[in-house]
Amino acid sequence: MRNYATDVKLFAEEHVTGLAVAVITGVGLFVLRRWLAGGVCHSKARLDGKTVLITGANTGIGKETAVDMAKRGARVLLACRDQARAQAAAAEIRKRSGNGNVVVKQLNLASLQSVRNLAKDILETERRLDVLINNAGIMMCPKWKTEDGFEMQLGVNHLGHFLLTNCLLDLLKRSSPSRIVNVSSLAHERGKIYFEDINLDKDYSPKKSYGQSKLANVLFSRELANRLKDTGVTVYCLHPGVIRTELGRHLWPSMALWKRLVAQPFMMLIKSPWEGAQTTIYCSVDEKEASNTGLYYSDCAPKEAAPQAQDEEAARRLWELSASMVGLSKP
């Protein structure tokens with residue numbers, strides 16, 4: 001009978017260097033993958049009797065956040081554009097969480113009327129709102145316009161959430177202590193607010209627009225926190241990490257073939273939706289952060305935002321411009 005143990009030993013002796021390289025590479029990739037996964041929210045906080053509203057919760061980190069909130073006992077409202085996909089996601093969330101109190105709401109952030117309709121619905125049907133998670137977004141799309149004529153990335157990523165949040169502030173205040181969580185991106189570091197050409201009609205590029213919209217998220221969070229001081233409503237803004245989700249659906253096809261081929265192996269190293277949701281969850285429930293407001297987070301910890309995201313005057317100016325654009329003073 002053949003002695004396989006001897007064969008293995010001989011093979012190992014003849015290929016010591018190759019095996020060593022393979023083991024070191026494997027261990028290195030494992031360590032790198034764990035590092036890239038980022039922090040994990042360890043809070044055991046329960047949300048029984050509380051209500052959480054999440055925009056864009058039918059896929060990606062929004063859906064994973066919804067599963068976590070439901071597992072904690074919350075009533076979870078999924079505010080989504082595609083109702084068929086939202087209903088399918090709601091069924092999955094109920095099954096995974098064991099919580100049947102998951103409700104689908106209609107929301108198209110590219111339509112201010114849709115935003116107002118959702119806010120009206122919430123105010124009429126919900127007794128409380130404990131956590132508002134502005135999660136939905138669009139990235140690197142062509143130069144499209146919203147229903148109201150705004151540049152799409154600014155309209156969806158910032159203006160829609162700006163209006164929705166302001167419409168729900170009274171309910172959030174009555175439900176205090178409550179939280180507002182805005183999902184931004186590391187891309188805010190390359191962003192600039194083009195106050196004289198806010199819709200980028202003169203010089204549009206998907207990357208430029210995305211950076212502006214993500215910087216707007218951070219500036220909005222900063223000014224909102226200042227305006228909500230001593231109300232019991234706290235505000236958080238975060239970078240979820242680089243994640244395997246549908247958000248990059250407009251970016252991937254636009255890349256050169258060689259870039260896609262080079263990038264493909266690295267896709268296995270970036271965060272899963274569950275890993276990407278951890279900082280959102282952390283900002284939504286962690287007890288240690290209850291007294292903090294207006295900060296920027298990454299990997300479940302406060303981080304320093306880019307210098308332009310700390311400009312108080314720019315934050316106030318953006319607030320005033322945004323309020324004018326969405327007609328905030330109108331009934």
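**Group meeting: helix packing and a pocket**

Let me start with two helices. Helix α8, residues 206-227, packs against helix α12, residues 312-326, at an angle of about 90°, and their axes are 9 Å apart. The two are therefore roughly perpendicular to each other. Before I go on, please keep in mind that this is a predicted model.

Which residues meet there? From α8 we have Ala216, Leu219, Phe220, Arg222, Glu223, Leu224, Asn226 and Arg227. From α12 we have Glu312, Ala314, Ala315, Arg316, Leu318 and Trp319. Sorted by type, the residues of this contact are 8 nonpolar, 1 polar and 5 charged.

Now the other partner of α12 that I want to show. Helix α6, residues 152-167, packs with α12 at an angle of about 85°, with 10 Å between the axes. That makes α6 roughly perpendicular to α12. On the α6 side the contact uses Leu154, His158, Leu159, Phe162, Leu163 and Asn166. On the α12 side it uses Leu318, Trp319, Ser322, Ala323, Met325 and Val326. Here the count is 9 nonpolar, 3 polar and no charged.

Is Leu164 buried or exposed? Its relative accessible area is 0%, and buried means under 20%, so Leu164 is buried. Leaving aside neighbours within four places in sequence, Leu164 is in contact with Thr55, Leu107, Val115, Leu118, Ala119, Leu132 and Asn134. As for Lys120, it is 44 residues from Leu164 in sequence, and the C-alpha atoms of the two are 10.0 Å apart in space.

Next, the chain as a whole. It has 12 helices and 8 strands. Of its 331 residues, 51% are buried. Take the contacts between residues at least 6 apart in sequence: 78% of them join residues at least 24 apart.

Rolling a probe the size of a water molecule over the atoms shows where empty space is left. The second largest pocket has a volume of about 250 Å³. Two elements give two or more residues to its lining: strand β5, residues 178-183, and helix α11, residues 278-285. How many residues line this pocket, and which lie nearest its centre? There are 15, and Lys50, Pro177, Arg179, Ser284 and Val285 lie nearest the centre. The lining of this pocket divides into 6 nonpolar, 4 polar and 5 charged residues.

Methods
Residues numbered from 1 in each chain as written. Predicted model: local features only at pLDDT ≥ 70, side-chain atom pairs only at ≥ 80, totals over all residues. Heavy atoms only, no water. 1 Å grid on protein atoms, 1.4 Å probe; cavity = no way out; pocket = protein on both sides within 12 Å on 5 of 7 lines; lining within 4 Å. Points joined across faces, edges and corners; volume = space filled by probe spheres on them. Helix = DSSP H or I, 4+ residues; strand = E, 2+ residues; numbered from the N terminus. Nonpolar A, V, L, I, M, F, W, Y, C, P; charged D, E, K, R; others polar. Axes fitted to C-alpha atoms, helices over the stretch in contact; angles between N-to-C directions. Parallel < 35°, antiparallel > 145°, perpendicular 65-115°, else oblique. Contact = heavy atoms within 4.5 Å. Buried < 20%, exposed > 50% of the residue type's maximum accessible area, 1.4 Å probe, protein only.
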